[in-house]
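Hi,

Here is the structure I said I would pass on. Have a look at it first, and then read my notes below.

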Amino acid sequence: MAEGAGGTPEPIGRLIDEFHRLPGIGPKSAQRLAYHILRVPERDALALAEAIGDVKRRIIFCSSCLNITESDPCSFCQDQRRDRTIICVVEQPLDILAIERSGSFRGLYHVLHGLLNPMDGVGPEDLHIRELVERVRAGEVTEIIMATNPSLEGEATAMYVQRLLAPAGVRVTRLARGLPSGADLEYADDITLARALEGRQEL
Amino acid sequence: MPERPRAYKTEGIILRRRNLGEADSIFTVLSPRQGKFDAIAKGVRKPRSRMRGHLEPLTRSRLLLARGRSLDVFTQAETITPYRAIRDDLERSATALYCAELADRFTIEHADNPGLYELMLAVLEALDLGAPPGPTARYFELQILSLMGYELQLDCCAACRGRLEPVETLLSPSAGGLVCERCRAKAGAGRLLGVRAIKVLRYARNVDIAAFGEVRIDAVLANELEVAMAGVVSHFLEREPRSRHFVEAVAALPGRPNALAPEIVRSDQGP
């Protein structure tokens with residue numbers, strides 16, 4: 001069949017469908033992107049295709065921290081200057097970039113690849129919690145920093161991990177919660193304000 | 001039909017959140033007069049969102065919404081009660097989420113049910129004040145079944161209406177309650193409940209949550225009730241609630257805090 005519904009040639013229809021599957025892309029955006037690809041030089045379009053292929057072929061998970069990497073172990077786990085006794089636990093690889101940008105952390109990471117979400121059926125066995133427990137059992141680690149989001153799911157995940165690790169005798173800490181820079185007190189929710197007050201510091 | 005106003009106010013309990021696109025979320029809200037509904041909060045996942053903390057699941061909030069084409073849109077949100085003690089405790093979070101899932105799954109959108117709203121509030125408040133999670137969940141299960149029209153028959157045999165002897169008795173979801181020994185063969189599957197468990201269920205049906213919180217339920221009895229009610233809930237829901245698995249995973253954790261666990265005492269307070 002040369003043409004799909006509405007006279008769209010089949011390869012274009014297929015590309016539109018593929019774009020439509022991406023997060024945040026509606027049918028109209030998918031069409032616009034597909035027709036854009038049609039117009040750009042072949043070299044650019046193939047570069048995109050190749051980049052997508054490379055990501056899927058060459059990116060693997062670090063066998064230690066489960067961060068995305070090209071070489072196993074990842075650059076963080078390989079770096080001997082980093083403090084190997086502290087592990088910062090994050091929800092997703094993007095969170096590592098955010099924490100690295102802050103320039104305030106020199107330990108290792110552990111990526112859970114999700115948060116506990118009971119109502120969507122995401123349980124402990126769907127996250128990489130078991131691997132974290134094994135790293136702690138290996139003995140070198142003295143502190144776990146739970147850097148999950150301060151949401152219900154993030155808090156539940158942090159508390160779950162803390163309880164799971166309690167028998168191992170490792171110190172489990174949580175990122176401080178309070179007001180983000182540039183926030184309005186007036187619009188702050190009660191829990192954030194209460195925690196900000198509890199975590200107040202001398203000027 | 002008079003035209004509906006473009007913006008409206010309601011209070012509500014946030015039952016769940018789903019992310020939408022780059023920075024938006026869809027929240028499922030349980031409200032006193034409009035039942036359960038979904039609405040969109042735009043930009044709520046940006047760090048400077050003014051509504052973010054006020055729309056966390058298991059929060060009771062004052063809401064201002066604008067009518068949208070398909071879904072309504074939150075324009076303002078302010079916390080009434082954040083239930084912080086629930087959030088800070090894993091067992092209580094898990095139980096509250098389980099109750100929220102039942103409230104979500106047992107209802108259809110915009111079906112007015114003030115009783116359910118009151119029940120959800122009562123359960124959140126009890127958990128926030130330190131009520132034991134297990135018995136509170138049982139109370140919620142029994143009450144929501146009644147509110148949804150699936151009230152269990154606990155006073156006489158659900159099949160023949162005959163008198164129930166004070167002995168171990170079958171609780172059969174398909175029969176709709178307790179079934180006497182003679183009817184047991186023709187009633188569907190179920191669990192055998194001891195006399196103590198039956199008394200607790202009868203008591204839970206008739207009292208408010210504060211009074212039920214006074215009943216002391218030991219671990220054996222709590223387990224008996226949990227298993228029996230799980231079967232009943234799954235039967236009427238026609239599926240297993242997803243969050244039950246999480247409640248079980250939390251219960252299996254080491255170092256369960258015993259401060260809130262009920263002492264081992266016979267429940268002799270039932271009728």
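Let's start with how the chains meet: 29 residues of chain A are in contact with 37 residues of chain B, where contact means heavy atoms within 4.5 Å. Together the two chains bury about 2900 Å², and 60% of that is on carbon and sulfur atoms. Buried area here is the accessible area (1.4 Å probe) that two parts lose on being put together, summed over both. On the chain A side, Met119(A), Leu152(A) and Arg163(A) supply 29% of the area that chain A buries against chain B, more than any other three residues.

Some housekeeping before the details. This is a predicted model, in which local features need pLDDT of at least 70 and side-chain atom pairs count only at pLDDT 80 or more, while totals for chains, interfaces and linings use all residues. Residues are numbered from 1 along each chain as its sequence is written, chains are lettered from A and ligands numbered from 1 in the order in which they are written, and side-chain values use heavy atoms, with hydrogens and water left out. Helices (H or I, at least four residues) and strands (E, at least two) are DSSP runs, numbered from the N terminus.

**Chain A**

Chain A has an open sheet of four strands, in the order β4-β3-β5-β6, with parallel pairing. Two strands pair if DSSP finds at least two bridges between them. β4(A) and β6(A) (171-174) are at the edges with a single partner strand each, so one side of each has no neighbour in the sheet. Ignoring direction, neighbouring strands are turned by 25° against each other on average. For angles, axes are lines fitted to C-alpha atoms, for helices over the stretch in contact, and the values run from 0 to 180 degrees between N-to-C directions.

Within that sheet, β3(A) (residues 83-90) pairs with β4(A) in the parallel sense over five bridges, and Cys88(A) stands opposite Tyr109(A) in β4(A). Helix α5(A) (residues 93-102) packs on the sheet, where it touches β3 and β4 of chain A and makes about 155° with the direction of β4(A). Helix α7(A) (residues 152-165) also packs on the sheet, touching β5 (143-146) and β6 of chain A, at about 170° to the direction of β6(A).

Two spots in the chain A loops are worth a click. Asp72(A) and Pro73(A) are joined by a cis peptide bond, with omega about -5°; Pro73(A) lies in the loop between β2 (68-69) and α4 (75-78) of chain A. His113(A) is not a glycine, yet has a positive phi of about 60°. His113(A) lies in the loop between β4 (107-111) and α6 (129-137) of chain A and is partly exposed, with a relative accessible area of 26%. (Buried means under 20% relative accessible area, exposed over 50%, partly exposed in between, with a 1.4 Å probe and protein chains only.)

**Chain B**

In chain B, five strands make a closed barrel that runs β1-β2-β3-β5-β4, with mixed pairing. The twist averages 50° from one strand to the next. In β5(B), Gln76(B) is the bridge partner of Leu64(B), and Phe74(B) that of Leu65(B).

Helix α3(B) (residues 114-128) lies across β1 (7-20), β2 (24-31) and β4 of chain B, at about 65° to β1(B). As for helix α2(B) (residues 90-106), 16 of its 17 residues are buried, so the rest of the structure largely encloses α2(B). Asp89(B) caps the N-terminal end of α2(B), with a side-chain oxygen 3.1 Å from the backbone nitrogen of Glu91(B).

Finally, two buried residues in chain B. Tyr83(B) sits in the loop between β5 and α1 (84-87) of chain B and has a positive phi of about 50° although it is not a glycine; its relative accessibility is 1%, so Tyr83(B) counts as buried. Thr169(B) belongs to strand β6(B) (residues 169-172) and counts as buried at 4% relative accessibility.

Cheers

Methods: A polar contact is a pair of N or O atoms within 3.5 Å; within protein, one must be able to donate a hydrogen and the other to accept it, and residues adjacent in sequence count only if both atoms are side-chain atoms.
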